[in-house]
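The following report describes a structural model chain by chain and then turns to selected helix contacts. Please read it alongside the sequence and the coordinates.

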Amino acid sequence: MNGPGVNGPGANGPRERAARLLRCYPRAWRARYGEEFTELLIADLAERPKSPARTADVIRGGIVARLTDAGLCGPAPDGAERAGQRARASLASLACCAALFLGLGGAIWSQLAIGWQWSAPDTTAAVATVVMSGAMLVLAGLALLAGLPVARAVAARIARGRARGLIVPSALFLGGLVVMVVGGRHFGNGWPGTGGHPWTHPGPVPGGVAAFAWASTLSVSSFWAHPAALAAFPAAELTWMALSPLALACLVTGAAAALRRTELSPAVLRFETRLARAACLTMAVFLGAGWAWIADRAPRAGSLFHPGVIDVAGLAVMALALATGWQAARQAAR
Amino acid sequence: MAADKALDGFGRYAGPATLILASLAGGAKHGYALTKDIESFAGVRVAPGTLYEALARLQGQGLIEPVESQDRRRPYRLTAAGATTLQAQLDAQRRVADIGLRRLAQGWGPA
């Protein structure tokens, strides 16, 4: 059965529109269904040139396909191989969510941890800082435990000469990691009160760790909304504020891509899934401490331990990242 | 996979999936042909995004399979598992329809 107007005059219009609509879908989906879906769209566009309902349906379908590709929704896959692919995609999405969570959470936590060095916090801020510090420690341990088997599998594949598809992700990860470590240490050491300077009120977090977290998350700043104040910053610091999110994005993208492309045994996947659940619970604890700190004070400037609007916004985004990460962990376990 | 449970995970795509299976029971069809066939026997037009989401899920569950074709419009056909699932799905729908119709005929009236 032929669709109307497929090869007739003016066929380029529907074809171009179909090509635009097709971009809503992820690359893997386009590779599998792109040609035939384009033909269906062309026929449909020729029959109904204007249909907002069709456009909305295709956009919605594209979003669902992207979420499915990211391992965030969709039915349980059939077969062990597909189940493994889906689990790795879900875990990679969780890793991205956790990175976003830690990027924003690290900014809040380091702010409190460094503030503790300058003046003793009250009970709520102190409890929140201690809980967040514990959660950070647990999350660092979980990240290490989760990363080791994947790194081992990636290294084994590269050693066997099957490095195709892993070189770029590995380079992105290592490059991002080096930039974050070197930059974080450089700018952390330049922060007054840390990097070997004596503290007024030693807190629960070693100064070097707090300063490193602070420097690594320097880009999470309300100064972006105040260009005049930002212009007074040293050029090196401004460059770091712009560069560090890119480095972090490279690190996370590389890790996620390597995870998606590396086959892991069912036992390792089960182990990773258990760690994913534990990470979500730990992030929930961290988030609870953050909200307790916010709820105890109205956001305003003027004190080391008073939250700003950026902290509230950060916690809101972290809640969203946690919800998405939890969904990914659930999908990985299916 | 139990045949009567096969479409349980389809959620909002269970309806379009049943229509697609019913259409393919009449022979292999590509996307546009499926749309027109479903429109002719069910009176509904399945939008392209919904159609392909349902097709992808059905294929993922092994209920349909693509047919080799040189054409850009790839046809799909029902598998044996798909036929069993469709049978179970339609039997369940018929049971509901029979009960509803019988009750309407026997006892329905304004309260």
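Which are the buried residues of helix 4 of chain B? They are Gly82(B), Thr85(B) and Leu86(B), where a residue is buried if 20 or more other C-beta atoms lie within 10 Å of its own, exposed if 12 or fewer, and partly exposed in between, with C-beta atoms placed from the backbone.

## Basis of the description

This is a predicted model, in which local features need pLDDT of at least 70 and side-chain atom pairs count only at pLDDT 80 or more, whereas totals for chains, interfaces and linings use all residues. Residues are numbered from 1 along each chain as its sequence is written, and chains are lettered from A and ligands numbered from 1 in the order in which they are written.

## Chain B

Chain B contains 4 helices and 2 strands, these elements being DSSP runs numbered from the N terminus (H or I of at least four residues for helices, E of at least two for strands). From the N terminus on, their order is α-α-α-β-β-α. The C-alpha trace of chain B spans about 60 × 30 × 25 Å along its principal axes, and buried residues make up 37% of its 111 residues. Among contacts in chain B between residues at least 6 apart in sequence, 54% join residues at least 24 apart; two residues are in contact if their C-beta atoms, placed from the backbone, lie within 7 Å.

Helix 4 of chain B covers residues 80–107, and its 28 residues reach 41 Å from the first C-alpha to the last, close to the 40 Å expected at 1.5 Å a residue; the expected span is 1.5 Å times one less than the number of residues. The buried residues of this helix pack against helix 1 (14–24), helix 3, strand 1 (64–66) and strand 2 (76–78) of chain B.

## Where the chains meet

In the contact between the chains, 21 residues of chain B meet 22 residues of chain A. On the side of chain B that touches chain A, the elements that give two or more residues are helix 2 (31–42) and helix 3 (48–60) of chain B, and the largest share, 8 residues, comes from helix 3 of chain B. The residues of that side divide into 7 nonpolar, 8 polar and 6 charged, where Ala, Val, Leu, Ile, Met, Phe, Trp, Tyr, Cys and Pro count as nonpolar, Asp, Glu, Lys and Arg as charged, and the others, Gly among them, as polar.

## Chain A and its helix 10

Chain A has 11 helices and 0 strands. Its C-alpha atoms fill a box of roughly 80 × 50 × 35 Å, taken along the principal axes, and of its 334 residues 39% count as buried. Residues 24 or more positions apart account for 76% of the contacts in chain A with a separation of 6 or more.

Helix 10 of chain A (residues 266–296) has 31 residues and reaches 45 Å from its first C-alpha to its last, close to the 45 Å expected at 1.5 Å a residue. Its buried residues include Leu275(A), Cys280(A), Ala289(A) and Trp293(A), and what covers the buried residues of this helix includes helix 4 (80–118), helix 5 (123–159) and helix 11 (309–332) of chain A.

Helix 4 and helix 10 of chain A pack at an angle of about 25°, with their axes 11 Å apart; axes are lines fitted to C-alpha atoms, for helices over the stretch in contact, and angles run from 0 to 180 degrees between N-to-C directions. The two helices are therefore roughly parallel to each other, given that angles under 35 degrees count as roughly parallel, over 145 as roughly antiparallel, 65 to 115 as roughly perpendicular and the rest as oblique. Residues making the contact include Leu91(A), Ala98(A) and Phe101(A) of helix 4 of chain A and Thr273(A), Met283(A) and Phe286(A) of helix 10 of chain A, and the residues of the contact divide into 11 nonpolar, 4 polar and 1 charged.

The axes of helix 4 and helix 7 (residues 207–216) of chain A come within 8 Å and cross at roughly 140°, and these two helices are therefore oblique to each other. Among the residues making this contact are Trp109(A) and Ile114(A) of helix 4 of chain A and Ala210(A) and Trp214(A) of helix 7 of chain A. By class, the contact of helix 4 with helix 7 of chain A has 7 nonpolar, 5 polar and no charged residues.
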